[in-house]
Amino acid sequence: MTSDGADASKSQLRANLRSPGPLAMQSSSETTNLRDHAAIAGPSSSGRTLAAILPLERIAATAPHPGLWQPYAVMGDRKYWNQVDPGSRINILRSAEQYSEGRWPPLLASDYLCYARSGERAPYEEPYLARRSMLIAYALAAVLTGDEAWLERSVDGIMQVCEETSWVVPAHASSSIGRRMRVPDPQLRTVDIFGAETAATLAWIDRILGDRLDDTAPGIRDRIHGEVERRILEPFLASSEWRWLRAGANNWNPWIHANILTCTLLLGRDHEVIIQTIARCVEGLDKFLIGYKDDGACEEGPTYWWRAAGSLGDCLALLHDATDGGLNGYQHPLVAPMTRFLPAVHIGGPWYSNFADGSARPDRGADAHVLYLLGRRTNQPDVSEHALAMASAWARSESVYGSPPTIVGRLTSIGRVLASITDFEFQAEVERGNSGYMLPRRAWYSENQILTLRERSGSTDGLFLAAKGGGNGDSHNHNDVGSFIVGLDGRPLIVDVGVERYTAKTFGPERYDIWTMQSSSHNLPEVDGVQQGSGPEFHASNVVYSPGETEDRLVVDIDGAYPKRAGMVAWTRTFRFCRLAPCRAVGDPESSTAAIRVEDSWSLNGSPTSLVWHLMCAVRPKVRGRGRIGFQGSAGRSLELDFDGSRFKSEIDEVALQDPQLRRVWGEKLFRIRIIALENARSMSGVVSMGFRSSEV
């Protein structure tokens, strides 16, 4: 057979495997109630750049002169700082008091060396980050109370940070590693996310403590200016070859640019250099935006949304506010859909659909003002309402970490805290607690191929489905093409595990040796023990989403995500979400309740030795009978799974969790269901169907 004939035959085979949908679409122009549809997005026709919206001439005309932008009052303005809401004040002062019971943590060479010796990041990064959290807490306590004792502690912290040999953590010190250096290098001119964040922290503290710093420790403000210039601003302007400046959607780009903008706007001493720096940042942000798909979804997942789209929001706010609205980048056509993505993948309460590196419980309520402001300035009030609901729920909850939530935490950005606690209207709304989550009925991101569905808009009651196509070459990728999450009443039960605490292995050549990155730890099939491959060449194809009033359908060919040795000629996965209508496989009982059905149709180039489907579960599965498994939900309800017990059997494994980051989210264990094809189902072609519906216990 000719190659053309083979391709035609394969196409026909795929067509036979795929069930037709009534409204098949690869991108949709459907317009409907925004509460029902968070996004049904296809490619944008606009190629507009941020540099076109914010040209150099406008930057030059509107950029503030050195020292003139004063977004917040300085220490000593009691009338201003007394307006901060009592809840935030108590929270921050509690953190400061707790930190003051200990001493400044030392940064030891032996801890720095751990990364080179064992790949462990935590021994050095934890005390490094703790220093910055302590400094932020003390500086905020100083402005909130006017107490000289907190000012003295702030001075100590500033000097501790300024005296550090390098602000670059070992995992990011690539140039030193290349020169076989294993201790901090004082000559290292690398601009990384943590170094830039450190500089911005010092810049904000310099601005809010103001002259009181020099009154207490003469010359300390010059020291801050000098260190920030030498370590961050000068290297940034001296090179345009930074790895994070390459076109792509990685969070490092906007995160670093937000901190560069902070430093130049607050500490810059030359108006021409301020203009030049802003222009360079706008140019750099365009590389991030060009790498972002037009549907606005964050390929790095909702956890990294806060440092990707969220940090872009920080950049836009800095430019807008420092120029009295003269530099308004919110007009960029990507900003609104990027803003909308986070609420669209919300499951309920603290839970989010966490594809890629990230947590199912991001614990980011303290940063909710970032989303709130983006919603306000892109004219999306339901997004701002979602942010208010986040902040209200967070303030009243226990943290993921098992203690009361803290505004000043492990990776706090002081600029975000200041924006939040001084937006007195926002804090009043949070205190009232009258806002609701967005909870759209459906959201489809056609370019990133991410879909979320729920039974009804505006409610967490009932079933929830998140499913994806995509590829295995994304930033912070997991090998998860075709995977899915099923939730009930706002809680995920069939889950995406997430990611363990980072080590050298996480971003090295052994990344996919980590169990959480592998397709067998996602809700996916496996043929003869062969898992999905990693890299952009492994991806979904022929992805078609079909929305409907009673049924939504997503069809994805996932065979392209597997290496050739899996023997897949074609493998089609079909998701059906049925609302208040029958959603049945052959032989199923009639049902008038909502249901989700996941159906795999396959053709292989030979009879397999084994066919296994993996399902990762948050709670212990209970076998109800042959082909029937239940999962305990909340409020007396359970999720029920059914499959053909005459052709497939199930085995359940307990997955003990050792990693502290995973344990904070899931507890001590997760569970893996393996649905295994019996001999009568291990064929070159076949179909398996898994159904999910809710049941009263």
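This is a predicted model: local features need pLDDT of at least 70, side-chain atom pairs count only at pLDDT 80 or more; totals for chains, interfaces and linings use all residues.
Start by selecting strand β5 (residues 450–454) and strand β6 (residues 463–468): the two run antiparallel and are joined by five bridges. Strands here are DSSP runs of type E with at least two residues, helices are H or I runs of at least four, and both are numbered from the N terminus. Two strands count as paired if DSSP finds at least two bridges between them.

Residues are numbered from 1 along each chain as its sequence is written, and side-chain values use heavy atoms, with hydrogens and water left out.

Click W444 and you'll find it opposite L451 in β5. The two strands make a hairpin with four residues between them. In that turn, stop at Q449, which has a positive phi of about 60°.

Is β5 mostly covered or open? Covered: five of its five residues are buried, where buried means under 20% relative accessible area, exposed over 50%, and partly exposed in between (1.4 Å probe, protein chains only). In a regular strand the side chains alternate between the two faces of the sheet. Colour I450, T452 and R454 for one side of β5, then L451 and L453 for the other; they are all buried.

Next stop, the nonpolar cores. A nonpolar core is a set of buried Ala, Val, Leu, Ile, Met, Phe, Trp, Tyr and Cys residues joined through side-chain atoms within 4.5 Å. Select W81, L209 and I278, which touch the most other members of the largest core, a set of 151 residues. Helix α7 (residues 122–145) gives this core its largest share, 14 residues. Domain 1 (73–197) and domain 2 (442–696) both contribute residues, so the core lies between them; the domain bounds come from an automatic or database domain assignment.

Zoom in on L209. Which residues does L209 contact, leaving aside neighbours within four places in sequence? They are M75, A139, A142, V143, L151 and S154, with contact meaning heavy atoms within 4.5 Å.

Finish with the charged pairs. The whole structure holds 40 salt bridges, each a side-chain nitrogen of Lys or Arg within 4 Å of a carboxyl oxygen of Asp or Glu. Pick E148 and R212, whose side chains meet at 2.3 Å, N to O. E148 sits in helix α8 (residues 148–162) and R212 in helix α11 (residues 211–216), so this bridge ties together parts 64 residues apart in sequence. E148 is partly exposed at 38% relative accessible area, and R212 is partly exposed too, at 23%.

Hop to D222 and R269, with their closest N and O atoms 3.1 Å apart in a salt bridge. D222 is in helix α12 (residues 220–238), and R269 is in the loop between α13 (252–267) and α14 (271–291). R269 is exposed at 55%.

Then try D642 and R628, a salt bridge at 4.0 Å, N to O. D642 is buried at 3% relative accessibility, while R628 is partly exposed at 34%. Last, select E163, R223, E227, R230 and R231 together: they are linked in a network of salt bridges.
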